[in-house]
Amino acid sequence: MHHSHIDRYAHGDSSIHRLDPRAKFLAVIAYTGILISFDRYAVSALAPMAVLPLVLLWFGGIPTWFVVRRVLVLSPFILVLCLVSPYYDRVPHAVSFGPWRYEMTGGWLTAADIALKFALGIMTLTALMSTTPFAQLLEGMRKLGVPRMFVVQLGFLYRYLFLLIDEGLRLKRGRDFRGAARVPVGRRLRAVGAVIGHLFIHTLDRSDRIHTAMTARGYRGEWHGLSTLRFRRRDAVFLLVTAAYLVICRWGYLLLH
Amino acid sequence: MGNILDITDLSVRYPDGTTGLDGVSLSVPAGGRVGLIGPNGAGKTSLMLGVMGALKFTGQVVVDGIALSRRTVDEVRSRCGMVFQNPDDQLFMPTLLDDVAFGPLNQGCTPEEAEARSREAITSVGLFGLEKKAAHHLSGGQKRNASLATILSMRVKLLLLDEPGAGLDFRSRRRLLEILATRGEAFLLAAHDLGLVRDVCTEVVLLDDGRVVTSGAVERVLDDPKLLAAHGLG
């Protein structure tokens, strides 16, 4: 079975790949916090916020089509929010962009704000995931004090998500090979329900077997791991530069207005 | 030399009332290589899970002189390791190295020692260079060998191998044979692949319907076509 992996480009060897996962994780968390703190009508102020994800993606050697596809795949969830916003906020606002001036309703500004923040957020997350092997990211999170159980659950999710996708695809193929495409929609939907039910039962069974495999290798509720991370000077420099950039993006805009 | 495993009158009943094992007795000598054969549902996996203390049972299981009980289950598990039928159940960590180090770390090894043991085990099963790979990036044969490495790194005295050759191509199967042939640990190998049992085991136990039908030297049991046919193996 073939499906694109979350961290498809994570095993590269660029300057961004070589940064400590903790530095990248903290930078992305800080970036996300600053991004969502912007006023929803301050759309033009978001422009400088595009620099960090673009720099990470460019120097990380991540193909543009890969990033665009990630944004598009997840966009339907946001599209609904963007489409309904203009109906809820009809107060007119003056908008200026360089020498141009417009008047727009607050709803359209909110829609643009949601779309931009979403695209920038996904680009930054893609940059993080595509320049950091997931195992290292988990280790970094563990070292930063993220609750152990949460990190373990993320690890399991990553490990078994692909198996679940594979199982789902196999079940779907088995169903399709028996002519599922030719039956009425109602029966097809019932078949989808059965597939989801099967997947749920398979997942429960598997979790049982994994727990047995873990206890058979001495697991008693305490999680131990090998540590290979080293925080170097270049990681500290990256964090400092990112912090300065975020402060300028956020509060530089306030000073101008 | 004494026995590394002694099972006496072992019975396992599942919560739905199904009998998994019914009064099974067998033993594995230290350094011995015993094959466990039988049709589907004969109780091979149940027996291994019983030895690992993962199922409720009646009877007695003694591993390396330690009688299995709730109190001693951790000690028993540090002396025997099980390779599960499906490697995806065994490989749950983000990378191969983390997976192989999971057991030694739980045994109380320092991270340095666990890593050294893990690298040695990974190399011994022919997966050198794949330490940082995630399990879903390994082929079927590599996953099987990786599962074996997760147990070898624990340096146990008894290996319980549940269908280790299932689904392997010719090359991977030959690699498995080489690995098993060079190991010094005793093992109990459950398999439908009678050729594999013949190649690596010295004794064999035939299970059917949760009971031991016969046991003895590999040639005596496997060269009896009527016996094998009567139990769905020929």
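**Strands, cores and chains**

Mentor: Gladly! Thr8(B) has Gln60(B), in β4(B), as its bridge partner. Before we go on, note that this is a predicted model, in which local features need pLDDT of at least 70 and side-chain atom pairs count only at pLDDT 80 or more, while totals for chains, interfaces and linings use all residues. Residues are numbered from 1 along each chain as its sequence is written, and chains are lettered from A and ligands numbered from 1 in the order in which they are written.

Trainee: How many bridges join strand β1 of chain B to strand β4 of chain B?

Mentor: First the idea: strands are DSSP runs of E with at least two residues, helices are runs of H or I with at least four, and both are numbered from the N terminus. Two strands pair if DSSP finds at least two bridges between them. Here β1 (residues 3-13) and β4 (residues 58-63) of chain B run antiparallel and are joined by five bridges. β4(B) also pairs with β5 (residues 66-67) of chain B, antiparallel again, over two bridges. In that pairing Val63(B) stands opposite Ile66(B).

Trainee: Which residue takes a positive phi in the hairpin of β4(B) and β5(B)?

Mentor: Asp64(B) does, with phi near 50 degrees; the hairpin has two residues between its strands.

Trainee: Which residues touch the most other members of the largest nonpolar core?

Mentor: In soluble globular proteins, nonpolar side chains tend to be buried together. A nonpolar core is a set of buried Ala, Val, Leu, Ile, Met, Phe, Trp, Tyr and Cys residues joined through C-beta atoms within 7 Å. Buried means that 20 or more other C-beta atoms lie within 10 Å of the residue's own; 12 or fewer is exposed, in between is partly exposed, and C-beta atoms are placed from the backbone. The largest core has 78 residues, and Leu158(B), Leu160(B), Leu189(B) and Val204(B) touch the most other members. Helix α4 (residues 96-106) of chain B gives the largest share of this core, six residues. Apart from it lies another core of 25 residues, including Ala10(A) and Leu138(A).

Trainee: What is the radius of gyration of chain B, and what would a compact globule have?

Mentor: The radius is taken over C-alpha atoms, and the globule rule is 2.2 Å times the number of residues to the power 0.38. Chain B has 17 Å, which agrees with the value near 17 Å for a compact globule of 234 residues. In chain B, 50% of the residues count as buried. Chain A contains eight helices and two strands. Its radius of gyration is 23 Å, well over the 18 Å that the rule gives for 257 residues, so chain A is more spread out than a compact globule. Of the residues of chain A, 23% count as buried.
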